[in-house]
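The stops below go from the core to a sheet.

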Amino acid sequence: MAEELSKQYNPKDTEDKWYKIWEQNNLFSAQASADKIPYCIVIPPPNVTGILHMGHALNNSIQDILIRYKKMKGFSALWMPGTDHAGIATQNVVEKALAKEGLKRQDLGREKFVSRVWEWKQLYGTTIINQLKKLGCACDWERIRFTMDQDYSAAVTEVFVRLYEKKLIYQGHYIINWCPRCQTALSDEEASHIELQGNLYYLKYPLKDNPQEFISVATTRPETMLGDTAVAVNPKDKRYKKYVGKYLILPIVNRPIKIIADSTIDMEFGTGAVKVTPAHDPNDYALGKKHGLEFINVLDPDGKMNASTQKFAGLDRFKARETVLEELKLLGLLEKTAAHTLSAGHCYRCHTIVEPYLSKQWFVKMKPLAKPAIAAVKKDKIKFHPARWTKVYLNWMNNIQDWCISRQIWWGHRIPVYYCKACQAKNSKAGIIVSRTKPLKCPKCSSEDLIQDEDVLDTWFSSWLWPFATFYWPQKNKDAKYFYPTATLVTAPEIIFFWVARMIMAGFEFKKQLPFKDVYIHGTVRDSQGKKMSKSLGNAIDPLEIIAEYGTDALRYSLISITSQGQDIYLSKEKFEQGRNFANKIWNAARFILINLKPEEVNVDLCLFFKREQLDPVNRWILSRFYTTLSKVEKDLDDFKFNEAAGSLYAFFWHEFCDWYLELIKPQISQKTTQVVMYKILEKYLRLIHPFMPFISEEIWQRLPGAKDSIMQQHWPHLQGGLINRKDEEQMELAFELINTIRNMRAELEVNPASRVDIQLTVNNQLTRESLEMLASYIKNLAKINNLIFTDQYIPQINQYAVVLKDLHVVMPLAGVINITEQLEKIALKIEKLKAEIKNKEGMLANKNFTSRAPEEIVETERNKLADMHEQVKKLEVIKNGLH
């Protein structure tokens, strides 16, 4: 007899044990093999500062399902792991740690500060990796990469140099997004806009020639007026035609500024006249370039007013706003203030409002890189799942802007640009050396006085190389040739632009190939109220706490089962009870089977056994249902419909295998055919559920007769189409409906659960009758029937309860089964009570005060309750009439 499972499943006894065994036996390893088809996923590298959250749990559970599934299908399936150095995020963490010591990074200097970050990485950088292991991730940990590894850094430098040599990287003064808190430039994607309730301030600028006459301008950022160098109007605006070319006096500063005409000015916004601050607004920057205006920067990098603003110097930008407005008010030049909804960019890391800021930065020209990446998606060479993300991707790519790649921080890949001081002393635009290695001297003047650019590259500039740099590009090796292009990318919608699009562009530019074929975009994890989960909101559920309470398999299964393809997930702690209960169901069913198993009976080939033996209807049915389920699960996994696959696995095991099959076979459980089928379904199902619930499936697998290797090393069950028989399934479905109908009839009349009843079946269809007669013993057993009598014609009689089921009349004679008089009294009371409730409910719904004021969903719920009550009365009347 097989080893008996404990009465209860305890995940803590199995999970760490099996993960350690899998690792020790290199079961996560994948190698280039001529005998296997490659399948590769590169993990979206979590930040080295990361701690496992529900978004990670969902994302990595999906990837793990795919990897385990493909391994069992015979692929050489590689899940490439790694972490991202996360420039700004990591620097912020280490700076906060320094602050506790009363230090700033500037106190240490660049070299010592970077050393401190590396020390921090060594101490804490593996936290997220250990947590991914706790989640059961089957990554090939021997291959783990880090975006600041020496080889990876060399790839980043190589890419910069190649793009520079192709004139796709350039340096220039442009308006960029500037974070005063992090004191660095940000790309447009790193400064997402959020709607704010602010004000529109109307400022009066006096004419130079007639100070008693004014032109009013409207602005949301009055502090930037100190950097105004013009006021612009539309040439078609009749209100201002006579003023074009004249000068105004800029208040407070008392600097003359010109009134210019430009067709881009919106005549409907504000007064139709706009202040132009070329150094602090992207639209004004364009106007400044077009009209040859002066560019005056009024801010320091920390968001405080700079020395050019004189008496305002040193004030925070928002304090300066108040001070400027107060002074304008004293001068009588603040015309009015109006409430205004505005959209402001925010830093994606610290959420500070960013400043449009004129700064010298490095940029990548994106339009040439975007062309092949657009074509690949349009031609379906790369597919998004769900498909709706294709439009989002193409819309962004078709309107792509140049990418600001320089960051004014210390942690990251330093820009491989060197400046010759001697050459720059003669010409500020000369002396720029872009090199893969640090040059010893200037190639033009031979000076050794070279300094490297202080900036580092945007974190995403290394991440966009992830699918091939993880294989040690630009080196050539068999792994890169075998596993690239990768197969599938699983990621979240918020990084389609940051990462997915850029990886596609990098793949075509540097490998001349797409980086992956399928992109699965899963939804965002939200709380039960629909708010995005975050620590700051206090609504986050810690996956590690869920694992400690319910187990990893419960966490994984619950997350997957409630996640419709690409839809957001609405999560509460109670949702994880489903996964825990399912794990317990699997455990208890397996325990029942193994207790009743005769191991010597079941070591047979199922297909040969099926052909040789005459199986009964129940065993034929469960085999058909298993292979039908297998077929659907395979299709759903291949179509990235993970929750549907999980739902099918649940429905089959819980409702068909446990609720029906195991109950049906109890009287015949010792028969060889039942032993074989019962066992084969269990062991094949464990293989099916393994990608979703790896730990419990391994623990039970090891208790099966003759188990040697890990379940990870087993083949995915082969689909045996010949064992699928829709007729067998339909016959059993009718029998189950009949059993449920009889059970409901018994419950409605409060028949003693221990009592057996007689049932008369009127069946007009001969095939249906033959099917039910063949299954009569099973029906009688589960519905607790003494005599099951088949008739050709239904004749209504007193003291019976009759129900119509499809083309059947199901009749229960009641004499001697229940106290009819007592039952009639109970039914009469129920009807009376329901009618009183109906009257109250109808009164409520007739009240216009209720229906007009209550939310529509509440009104609809009450209407449904009323309809349900009417249905209950109707049913009770039928029962009552049958009893007379």
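Begin inside. This is a predicted model, and its largest nonpolar core has 222 residues. Select M54 and F461: these two have the most contacts inside that core.

Next, centre on F461. Which residues does F461 touch, leaving aside its neighbours within four places in sequence? Show V156, V159, F160, L163 and I169, then V364, W403 and I405; F461 is in contact with each of them.

Select β15, β23 and β22. The three strands form an open sheet in that order, with parallel pairing. Which strands are at the edges? Colour β15 (383-385) and β22 (488-491): each pairs on one side only. From one strand to the next, the twist averages 20°.

Zoom in on β22 and β23, the latter covering residues 518-521. Four bridges join this pair, in the parallel sense.

Last stop: show helix α2, residues 54-72. Helix α2 packs on the sheet and touches both β22 and β23. Compare directions here: that of helix α2 makes about 160° with that of β22.

Conventions. Residues numbered from 1 in each chain as written. Predicted model: local features only at pLDDT ≥ 70, side-chain atom pairs only at ≥ 80, totals over all residues. Heavy atoms only, no water. Core = buried A, V, L, I, M, F, W, Y, C linked by side-chain atoms within 4.5 Å. Buried < 20%, exposed > 50% of the residue type's maximum accessible area, 1.4 Å probe, protein only. Contact = heavy atoms within 4.5 Å. Pairing = 2+ DSSP bridges. Helix = DSSP H or I, 4+ residues; strand = E, 2+ residues; numbered from the N terminus. Axes fitted to C-alpha atoms, helices over the stretch in contact; angles between N-to-C directions.
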